[in-house]
Amino acid sequence: MAVTADVIPRRPTLLLIVVLGLLFVLMSLSSRTRVGETRTMFERTVMTLFSPVPKAVNWIGRNTADMYHGYLDMRRAVNENLELHRKVGQLTTENIQLRQSEGDLSRVRSLLAYSEQFSIPTAMAQAIMLDTSSRFKSMVLDRGSNAGIEVNDAVVNANGLIGRVVLTTKDMAKVQIVTDGNSAVGVLIERSRRQGVLRGDGAGGAQLYDISSNADVVEGDVVLTAGIDGIYPKGIPVAIVTKVEKGADLFKNIGTKPTVDFGSIEEVIVLHTRKVPGEVARYVP
Amino acid sequence: MRWLRFAIGLLIALTLHSVFDSFFPNALAFFNPYVILIVYYSMGGNVFGAIFAGVIAGLVQDAYSGPFFGLHAFSLTVCAYTVASINSRLVLRGTLAFGACLVGAVIVNEMVIYVLVNILLKQKIEMFEQGMIVKTLFTGLFGMLVYQLLTLFLREEPIEATRRPSGW
């Protein structure tokens with residue numbers, strides 16, 4: 001051994017030859033065993049010894065690929081989510097519009113059906129302004145004299161009487177509604193046919209006047225237009241009796257609630273009522 | 001310290017080998033990281049160390065590639081011995097010298113493999129010349145880049161020359 005230790009450092013070529021010889025033997029053995037797809041024990045040992053490196057590389061590579069694909073999936077999901085949010089917004093808007101159209105259609109249909117009851121000419125209009133908060137309860141329509149609307153035309157919707165036209169321009173009309181303090185409508189009680197005058201109280205309701213204390217009126221009675229004032233056609237629902245009290249004199253105090261909800265008026269029908277000529281109205285025998 | 005550096009280099013070479021094997025299978029036809037490691041180590045001029053380094057690096061490469069176990073160990077040992085022997089007589093320093101050694105080593109490595117495959121398997125490697133040229137070019141360029149970076153960051157010669165007497 002002492003000889004070997006002394007010779008080898010001085011003879012690296014010898015060492016090379018020995019090493020290469022050993023490697024050649026190893027290769028020959030390996031070459032034969034590879035045919036049967038088996039590996040030498042030495043090869044297996046080297047592989048096992050260094051196996052953590054390829055395993056770690058593979059693990060890192062796989063996880064990096066997973067993370068990358070996860071990131072791509074996440075980006076795709078975020079974009080998809082944004083797109084879906086946009087679509088939901090669009091569909092929601094569309095849905096609201098369709099519901100609104102459906103409501104409009106339903107209202108217009110009922111209004112048309114209602115307008116067919118009248119034998120007089122009618123015009124349909126849209127309420128564009130409604131003022132029920134001030135003393136003068138009024139409403140502005142989007143159609144005026146160009147549509148044939150005149151002063152004193154009655155304005156109704158499917159629920160009943162709204163009021164009368166008090167002012168017209170070419171393309172607009174102002175309506176005094178029945179709850180206005182200056183409004184007066186000739187009416188009758190549907191059940192007992194007792195006639196009276198309905199005046200607005202300026203506070204969202206109306207009082208029924210000129211009903212004698214012995215008249216048959218009870219709460220819940222329906223009040224219709226009497227058709228005697230030369231403005232409103234006969235038989236349009238106006239109000240429901242809500243309060244009946246004995247008055248201080250010969251008449252009853254009767255409170256009513258209009259059949260129309262003035263807060264939700266959209267489309268209306270204007271009735272071109274036959275006006276009483278001025279000379280007839282003014283004629284005193 | 002030299003062996004520690006060699007061990008780290010071997011792990012890096014094996015990592016590159018695994019990365020290329022897993023994700024860029026064709027890359028190993030253009031580039032051999034083990035030759036760079038061996039030339040880098042053998043530039044120190046320690047012939048004995050170089051022989052052992054060649055055997056170890058070659059066996060590791062053989063464990064994961066090659067037609068039979070020991071082929072790369074054989075070729076890398078020849079390369080390591082040649083480079084170390086030259087460097088034990090001549091003072092070769094600098095990126096260009098390293099590049100020249102590397103190019104020579106790659107050519108020797110490829111030719112030894114060619115001969116051994118011919119002898120043991122009675123087969124000829126297809127497109128051997130083209131493959132060798134490409135591998136020499138890419139390995140040489142990459143090795144010079146690595147050498148330059150190591151010189152810049154370590155601020156020292158890669159492996160200190162030992163100048164041991166050789167048996168030529």
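Q: How many of the 18 residues of α3(B) are buried?
A: A residue counts as buried if 20 or more other C-beta atoms lie within 10 Å of its own, as exposed if 12 or fewer do, and as partly exposed in between, with C-beta atoms placed from the backbone. α3(B) is mostly covered, with 15 of its 18 residues buried. The model is predicted: local features need pLDDT of at least 70 and side-chain atom pairs pLDDT 80 or more, while totals for chains, interfaces and linings use all residues. Residues are numbered from 1 along each chain as its sequence is written, with chains lettered from A and ligands numbered from 1 in the order in which they are written.

Q: What span does helix α3 of chain B reach, and what is expected?
A: Helices (H or I, at least four residues) and strands (E, at least two) are DSSP runs, numbered from the N terminus. The expected span is 1.5 Å times one less than the number of residues. Helix α3 covers residues 47–64 of chain B and reaches 26 Å from its first C-alpha to its last, close to the 26 Å expected. After α3(B) comes B:Gly66, with a positive phi near 100 degrees.

Q: Which residues of α1(B) are buried, and what do they pack against?
A: The buried residues of α1(B) are B:Phe6, B:Gly9, B:Leu10, B:Ala13, B:Leu14, B:Leu16, B:His17 and B:Ser18. They pack against α3 and α4 of chain A and against α2 and α3 of chain B. The 22 residues of α1(B) should span 32 Å at 1.5 Å a residue, and its end C-alpha atoms are 31 Å apart, which agrees.

Q: How many helices and strands does chain B have?
A: Chain B has 6 helices and 0 strands, in the pattern α-α-α-α-α-α along the sequence. Of its 168 residues, 45% count as buried. Chain A has 5 helices and 12 strands, and 25% of its 285 residues count as buried.

Q: Which residues touch the most other members of the largest nonpolar core?
A: In soluble globular proteins, nonpolar side chains tend to be buried together. A nonpolar core is a set of buried Ala, Val, Leu, Ile, Met, Phe, Trp, Tyr and Cys residues joined through C-beta atoms within 7 Å. Of the 52 residues in the largest core, B:Val35, B:Ile38, B:Val39, B:Ala57 and B:Ala80 touch the most other members. Among the elements that each supply at least two residues of this core are α2 (12–35) of chain A and α5 (95–121) of chain B. A second, separate core of 38 residues includes A:Ile211, A:Val223, A:Val241 and A:Ile269.

Q: How many residues of chain A are in contact with chain B?
A: Two residues are in contact if their C-beta atoms, placed from the backbone, lie within 7 Å. Here 28 residues of chain A are in contact with 28 residues of chain B. On the chain A side, α2(A) supplies the largest share, 15 residues. By class, that side has 17 nonpolar (Ala, Val, Leu, Ile, Met, Phe, Trp, Tyr, Cys, Pro), 4 charged (Asp, Glu, Lys, Arg) and 7 polar residues (the others, Gly among them).

Q: Where in chain B does pLDDT stay under 50?
A: pLDDT is the predictor's confidence in each residue, from 0 to 100. Where it is low, the predicted coordinates should not be read in detail. In chain B it stays under 50 over residues 161–168. Chain B averages 84, and 92% of the residues score at least 70. For the complex, the predictor gives an ipTM of 0.79 and a pTM of 0.53.
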